[in-house]
Amino acid sequence: MNSQATFGKNKGLGRRGKLIPALVFALILSLVPGCAKRARLELFAMDTYMELTVYGNKAEEALAGAEYEIKDLDGKLSATDGSSELSRINLSNGEPVSVSSDTAEVIHNALIAAEPLRGALQLTLRPVSLAWGFTTGEYRIPAEEELEELLKLVDDGRIRVDVGSNTVALPEGMALDLGSVAKGYSCDIAAAILQKYNVSGFLLNMGSSTIMAWGKKPDGGRWRIAVRDPAGEGYAGVIETDGACVSTSGGRERFFTGEDGNTYCHILDPETGRPVDNGVLAVTVVTESGLWGDALSTALFVMGAEKAEELYNSADMSPERRRFEYLFIMEDGSLVLSPGMEELFTPLGRFAEGGAAQ
Ligand code: ADP
Ligand code: MG
């Protein structure tokens, strides 16, 4: 089983993967008896540890190609690296900026993914997130008036992205943060590269919050992806799949305790500019696409379980690529599952004992 618990954020190492080759810990190539070749790689990118496992005759070459792309995307999409393409956009003072097709595409695709998400996903939240100190670690609780002012800068409808000329324009004062979608997008790009090499299967763990399983597992079984218990050390359960992306967003991934004794998490409600505080501990979604899963898990965390159910049943969910299943882990210890998730998810530990409450 692939464990989500072995990965986590380590802010002390939050530098571009390209610049720190020493953090590429291992490339292990082995032969699984009687099966396809296996190549495995651990790397630090996008502020997290990733683990990529690939099966197939050209597993090693395929993996090297995927690694290159992930590091390249990390360099382009980082909001904290001043030389990234994203920073050039954020410092452009309203001028259009020429970027790579990747950067234009991830913004374009994220805006499309956000269309049915009722404003819950906003790439332009960065000024608000900075005010809370989430990107710098200098945490503080901004005053209500300050948040009101900053919220005037939050409006994804004002992002201009042209995927023909690969230009992005953002009104002065506004700034983008792609933290909600970058890992999912990178997962899709890595998957496409691996598939070009005709690999037989892979498991891409992009830092536990986005995990994609695809193709055949050498033992012929289904892929098993553990869902961490966000309130403890153990697991909430296991998702079994023939191939899918499993994406999780949680309030315990990054948070601080304010002077008022309350905890404040890194996912913000775009309506209030305040950290989400709606009784949800974490939400996990199963999707086909990495970008959609990453966007969706963040948005559902903001929206909560009731609105998630409405979205699940709504007509604007009809395109095939937008299908999803969800699992909410609530602060009161209850679980809320979509109908299809009940087939995929087996609860463990305290969740198995109490039973999964709908
Ligand atoms: P993780 O980074 O743990 O995978 P998410 O995919 O849920 O978590 O992304 C959370 C990040 O997205 C935050 O750290 C912040 O940079 C950004 N963010 C926070 N709130 C929102 C929001 N409502 N819409 C879009 N991005 C957000
Ligand atoms: Mg996300």
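The legends below describe close-up views of a predicted model. Local features need pLDDT of at least 70 and side-chain atom pairs count only at pLDDT 80 or more, while totals for chains, interfaces and linings use all residues. Residues are numbered from 1 along each chain as its sequence is written, chains are lettered from A and ligands numbered from 1 in the order in which they are written, and side-chain values use heavy atoms, with hydrogens and water left out.

**View 1. The magnesium ion (ligand 2) and its donors.** Ser180 (O), Asp294 (O), Asp294 (OD) and Thr298 (OG1) coordinate the ion at 2.0 to 2.4 Å. Donors are N, O and S atoms within 2.8 Å of the metal (3.2 Å for Na, K and Ca); water is not among the atoms, so sites may look incomplete. The spacing of the donor residues in sequence is S-x113-D-x3-T. Helix H7 (residues 290-313) holds both aspartate 294 and threonine 298, four residues apart, about one turn of the helix. Helices (H or I, at least four residues) and strands (E, at least two) are DSSP runs, numbered from the N terminus. Aspartate 294 has a relative accessible area of 6% and is buried; threonine 298, at 12%, is buried. Buried means under 20% relative accessible area, exposed over 50%, and partly exposed in between (1.4 Å probe, protein chains only).

**View 2. The surroundings of ligand 1.** The ligand is surrounded by 19 residues, and the closest are Asp177, Ser209, Ser249, Leu268 and Thr298; a residue is counted if one of its heavy atoms lies within 4 Å. This shell divides into seven nonpolar, seven polar and five charged residues. Ala, Val, Leu, Ile, Met, Phe, Trp, Tyr, Cys and Pro count as nonpolar, Asp, Glu, Lys and Arg as charged, and the others, Gly among them, as polar. H7 gives the most to the shell, with three residues.

View 3. Nitrogen atoms of ligand 1 lie 3.0 Å from a backbone N or O atom of glutamine 122 and 2.9 Å from a backbone N or O atom of leucine 268. An N or O atom in the side chain of threonine 298 is 2.7 Å from an oxygen atom of the ligand. Of the 560 Å² of accessible area that ligand 1 has on its own, the protein covers 94% (Shrake-Rupley method, 1.4 Å probe).

**View 4. The hairpin of strands S9 and S10.** S9 (residues 223-228) and S10 (residues 235-241) pair in the antiparallel sense over six bridges; strands pair if DSSP finds at least two bridges between them. Six residues join S9 to S10. Arginine 224 has glutamate 240 in S10 as its bridge partner.

**View 5. The open sheet S4-S6-S5.** Its three strands are paired in the antiparallel sense. Strand S4 (97-98) and strand S5 (160-162) are the edge strands, each pairing on one side only. S5 and strand S6 (residues 167-169) share three bridges, and aspartate 162 stands opposite threonine 167 in S6.

View 6. Aspartate 47 is partly exposed at 23% relative accessible area.

Technical notes
Polar contact = N/O pair within 3.5 Å; in protein donor to acceptor, adjacent residues only side chain to side chain.
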